[in-house]
Amino acid sequence: MIEPVRYKLYSRKNIDQIPQLKNLPEELLAGIKTVSAVLPFRVNNYVVEQLIDWDNIPDDPIFQLTFPQPGMLERRYFERVRNLLKNNASKEDIHSAARKIQMNLNPHPAGQMDLNVPEESGKTFNGMQHKYNETVLFFPAQGQTCHAYCTYCFRWAQFIGLESIKFASSDTGVLADYLQNHPEATDVLFTGGDPLFMQAKVLRRYIEPLIKEKPGNLAAIRIGTKALAYWPYRFLTDNDADDLMRLFEEVVASGLQLSIMSHFSHYRELETPVVQAALKRILNTGAVIRCQAPLVRHVNDDPAIWAEMWKAQVKLGAIPYYMFVARNTGAKKYFKISLARAFNIFTGAYRQVSGLCRTVRGPSMSANPGKVMICGITKIDGEKVFALKFIQGRNADWTNQIFFARYDEEACWLNDLKPAFGEKDFFFNQ
Ligand SMILES: *Cc1c(COP(=O)(O)O)cnc(C)c1O
Ligand code: SF4
């Protein structure tokens, strides 16, 4: 039996109420407060009480994942905000300094704003992205927040109230219409933020038309969420947990596949009795749970962590799906890992697990031309190269195509790479 726990949310405003912070060194606490004036910060009582090991601060991976760290801001930005806070500057001054810094942090990489938003007969479908034929992304307006924020989150533009750079749709019928006109789309992915932050009855308004109308060739509904890791009570004891489970059952009964795309960054997130009970309850509805996360320095940059995590997922009935390369946005410098190292971490982990875990693919970059996987580091005709492959292409003809880039120890993203063999351009740029 899991006892209900009342949700308590901490943010910059009530950070001093987190009991565990009282024992931290002054300097560390000041650093957290400074960075949280710029980068979105929130954490809940489950993460604080059951996931973070407070005897291991600041190195604890979940602490790194949820609490802002001084290294996330460039020194000069950090000092600027630190001084404003020290001098008790006005709210307005702090806010305006923070905005300037935020605008320099590249909130929407990979052509998200200009290239992926569908446009038809002069109408722009806000709150939707359709980049790969089979899968339409949908951003319900009420799901543009999270139970806690990952410090590396590339979606933070969604959270800081910058309307002009925010995706969101509150139109519950538009999605069905769009799918009806796009027979190539078989999957809808509800994403955010976190769509499971929404009340079940609100989520139902979006999902019900899909179950009833089965528009176009819709076969699968996916929901991207961190709720299992950060607030598993969502599925067990929250007021509308039963309603949510009923909704899941209805999706499955309608003949659509329901896949909970669950975001787990560390095996610790799979260890509590609450999360294990939640996984079991979701699986009992007939939904499938697939797991994905980015590879992030300070959080999970160790093959043993991934091997342990994939094994735990399979043991609990979930399916390892993607390992992502951290995106070029926000506090990227603090988190980034070179492609060479990412490949070695993936391989080191992959080697330690059975075929049941090897459904995972990666490390994969969600880059402008598509999802590009690092398949290997090898030598061809004496030249050291990365072997790369399109898992998904902006142009569907690129799918599963292999290509080669000159090996570069420092490269962290696709656009750091140069073609191998003295070629001028990658094939997808020609
Ligand atoms: C990853 C991604 C998808 C889903 O791709 P799958 O390989 O089917 O999981 C869809 N759209 C965008 C923009 C993506 O980045
Ligand atoms: S769970 Fe996802 S949306 Fe929420 S903060 Fe983390 S990366 Fe961002």
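Which residues surround ligand 2? In this predicted model, the shell consists of Cys-146, Ala-148, Tyr-149, Cys-150, Cys-153, Arg-155, Gly-193, Lys-226 and His-263. By class, five of these residues are nonpolar, two are polar and two are charged.

Gly-193 sits in the loop that runs between strand E7 (187–190) and H8. Another cis peptide bond links Ile-57 to Pro-58, with omega about 5°. Pro-58 belongs to the loop between helix H2 (45–51) and helix H3 (61–66).

The domain assignment divides the protein into domain 1 (9–102), domain 2 (107–286) and domain 3 (329–430). The C-alpha centres of domain 1 and domain 2 are 28 Å apart. Domain 1 contributes 24 residues to the contact, and domain 2 contributes 28 residues.

In soluble globular proteins, nonpolar side chains tend to be buried together. The largest nonpolar core here has 113 residues. Phe-67, Phe-190, Ile-221, Ile-223, Phe-235 and Phe-248 have the most contacts inside this core. Helix H8 (residues 200–213) supplies the largest share, seven residues. A second core is separate and holds 20 residues, among them Ala-411, Trp-413, Leu-417 and Phe-426.

Phe-190 illustrates the contacts of a residue in the largest core. Beyond its neighbours within four places in sequence, Phe-190 touches Phe-138, Pro-140, Leu-175, Pro-195, Tyr-206, Ile-207, Leu-210, Ile-221, Arg-222, Ile-223 and Gly-224. Two of these partners, Ile-221 and Ile-223, are also listed among the residues with the most contacts inside the core.

The backbone oxygen of Pro-140 lies 2.6 Å from a polar atom of the Gln-144 side chain. Gln-144 is in the loop between strand E6 (135–138) and helix H7 (174–180). Gln-144 counts as buried because its relative accessibility is 6%, below the 20% cut-off.

Positive phi values occur at two residues other than glycine, described here in turn. Asn-400 has phi near 70°. This residue is found in the loop between strand E14 (383–393) and strand E15 (402–406). Asn-400 counts as exposed because its relative accessibility is 51%, over the 50% cut-off. Phe-421 has phi near 60° and is found in the segment after E15. With a relative accessible area of 36%, Phe-421 is partly exposed.

Methods:
Residues numbered from 1 in each chain as written. Chains lettered and ligands numbered in written order. Predicted model: local features only at pLDDT ≥ 70, side-chain atom pairs only at ≥ 80, totals over all residues. Heavy atoms only, no water. Helix = DSSP H or I, 4+ residues; strand = E, 2+ residues; numbered from the N terminus. Buried < 20%, exposed > 50% of the residue type's maximum accessible area, 1.4 Å probe, protein only. Polar contact = N/O pair within 3.5 Å; in protein donor to acceptor, adjacent residues only side chain to side chain. Core = buried A, V, L, I, M, F, W, Y, C linked by side-chain atoms within 4.5 Å. Contact = heavy atoms within 4.5 Å. Near = heavy atom within 4 Å. Nonpolar A, V, L, I, M, F, W, Y, C, P; charged D, E, K, R; others polar. Domains from an automatic or database assignment.
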